[in-house]
Amino acid sequence: MNNRKTYTVTELNMYIKSLIQRDGELAVVFVQGEVTNLKDYKSTSGHMYFSIKDDKSQLPCVMFRGDRARGLDFDLENGMEIIIGGTMDLYERDGKIQLYAKKIKSVGDGAIAEKYEKLKAELEGLGYFDKAHKKELPKYVKTVGIVTAKTGAVIHDIQTTAARRNPYVQLLLYPSAVQGEGAAEEIARGIKRLDREGVDVIIIGRGGGSMEDLWAFNERVVADAIYECETPIVSAVGHETDFSISDFVADLRAATPTAAAELTVFDVRDVLDRLDDYEVSFRRIMDGIIRDERMRVARAAERLNANSPVHKLELAKENIEKHKLRLKNSMRLIFDKNKNEFVNLATRLDAASPIKRLKAGYAYVSDSEGGAVEKASDLAVGDKLTLTFSDGQVVSQVTDVLPVK
């Protein structure tokens with residue numbers, strides 16, 4: 001026990017439920033038997049709870065009020081022999097496997113149910129239902145072929161849904177009878193005709209009704225036309241709870257005609273939104289590329305400019321101007337320096353100037369030959385002297401030479 005998983009009650013019930021729901025045979029079953037344990041449904045919620053039995057076994061059944069309104073056209077009573085069409089499932093709260101009835105017919109309808117099951121088994125054996133034979137629906141269709149009545153809710157619902165999702169998709173209708181004598185042959189001809197027309201996908205369908213009303217879609221001729229068709233086919237027959245042979249053979253089953261249109265016609269708004277997103281991304285990428293290229297060109301231009309003769313000439317001119325300015329400044333400094341020195345020398349020269357001394361009352365003494373007389377001892381009595389003053393000269397003669405006391 002330690003090597004096996006331990007389930008909770010709910011987990012085990014849910015697991016059993018999933019097994020039942022994955023079994024295609026239990027998705028649509030027809031069971032014949034006698035009604036028993038029928039509870040009073042008229043005075044309660046309207047749901048019917050009962051069992052169906054044969055001489056050896058019995059099976060719990062439930063038919064909800066909505067299904068009863070669509071699938072039961074007589075009062076059910078204990079002891080009646082009936083055929084139930086429905087789905088097997090597990091009611092997980094009570095852990096009870098039961099038949100969920102969608103349609104109930106009196107035993108007189110047993111022949112048609114038997115015919116349905118016989119053809120279904122035969123076609124399944126021939127591989128008509130195999131997944132390997134199913135074709136993928138194209139993602140983006142331009143033309144949708146429709147086989148149904150030319151008036152009524154089916155074509156209206158498909159047209160309305162297609163126009164809302166994508167008004168550019170073309171709808172090509174093959175009007176056909178969908179019940180009664182010859183309807184199956186018309187449906188088959190419509191499938192073959194639209195297949196030759198080269199539409200992208202074909203929808204076949206009709207509204208709800210009894211099993212007899214839907215029988216055209218359970219005929220072998222329709223099943224063969226669907227199986228042999230090269231164009232993907234969506235079957236939308238009856239209500240969500242109705243299953244026909246065409247549903248099993250078709251490449252895809254839609255619960256309703258509206259659902260068929262939604263499955264086949266892509267929503268152009270989603271495409272336009274994606275295109276807008278692509279445009280934004282493209283612009284962002286292109287802006288980045290342009291920005292990078294501009295930077296690359298700018299760097300190349302800088303390198304080219306740095307190596308161009310014009311740029312080099314400009315640099316030379318700048319250097320010459322710098323040298324001129326430097327030389328001018330140097331010359332000014334030298335001039336100012338020499339000027340200052342000249343002023344100092346002039347000041348000193350002026351301070352030592354004899355003229356300046358002469359103006360102060362001194363005189364310049366020269367002998368008869370014009371030579372300067374530096375000392376009194378160089379003179380003799382009788383020598384002629386010239387005395388130069390600031391305003392003129394005086395000629396004199398030495399009368400006496402006296403030493404300094």
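One point of contact is Val 365, whose bridge partner in β12 is Leu 387. Two strands are taken as paired if DSSP finds at least two bridges between them.

These strands belong to an open sheet of 3 strands in the order β11-β12-β13, with antiparallel pairing. Because β11 (364-366) and β13 (392-397) each have a single partner strand, they stand at the edges, and one side of each is left without a neighbour in the sheet. From one strand to the next the twist averages 25 degrees, where axes are lines fitted to C-alpha atoms (for helices over the stretch in contact) and angles run from 0 to 180 degrees between N-to-C directions.

## Basis of the values

Residues are numbered from 1 along each chain as its sequence is written, and side-chain values use heavy atoms, with hydrogens and water left out. As the model is predicted, local features need pLDDT of at least 70 and side-chain atom pairs count only at pLDDT 80 or more, whereas totals for chains, interfaces and linings use all residues.

## Salt bridges

Across the whole structure, a search finds 15 salt bridges, each being a side-chain nitrogen of Lys or Arg within 4 Å of a carboxyl oxygen of Asp or Glu. One of them brings together the side chains of Lys 17 and Glu 92, at 3.6 Å from N to O. Lys 17 lies in helix α1 (residues 9-22) and Glu 92 in the loop between β4 (81-91) and β5 (96-106), so this pair ties together parts that are 75 residues apart in sequence. Lys 17 counts as buried at 14% relative accessibility, while Glu 92, at 32%, counts as partly exposed; buried means under 20% relative accessible area, exposed over 50%, and partly exposed in between (1.4 Å probe, protein chains only).

Another salt bridge joins Arg 220 and Glu 122, with 2.9 Å from N to O, and it links distant parts of the chain, since Arg 220 is in helix α6 (residues 220-228) and Glu 122 in helix α3 (residues 110-125), 98 residues apart. Arg 220 is partly exposed at 29% relative accessibility, and Glu 122 is partly exposed at 39%. Salt bridges that share partners also join Lys 17, Asp 89 and Glu 92 into one network.

Within helix α2 (residues 65-71), Asp 67 and Arg 70 lie 3 residues apart, about one turn of the helix, and they form a salt bridge whose closest N and O atoms are 2.9 Å apart. Asp 67 is buried, with a relative accessible area of 8%, whereas Arg 70 is partly exposed at 48%.

Asp 251 is found in the loop between α7 (245-249) and β10 (252-253), and it is buried, with a relative accessible area of 11%. Its side chain reaches the backbone nitrogen of Ile 233 at 2.8 Å, and a polar atom of the Asp 251 side chain lies 2.7 Å from the backbone nitrogen of Lys 135.

Methods:
Helices (H or I, at least four residues) and strands (E, at least two) are DSSP runs, numbered from the N terminus. A polar contact is a pair of N or O atoms within 3.5 Å; within protein, one must be able to donate a hydrogen and the other to accept it, and residues adjacent in sequence count only if both atoms are side-chain atoms.
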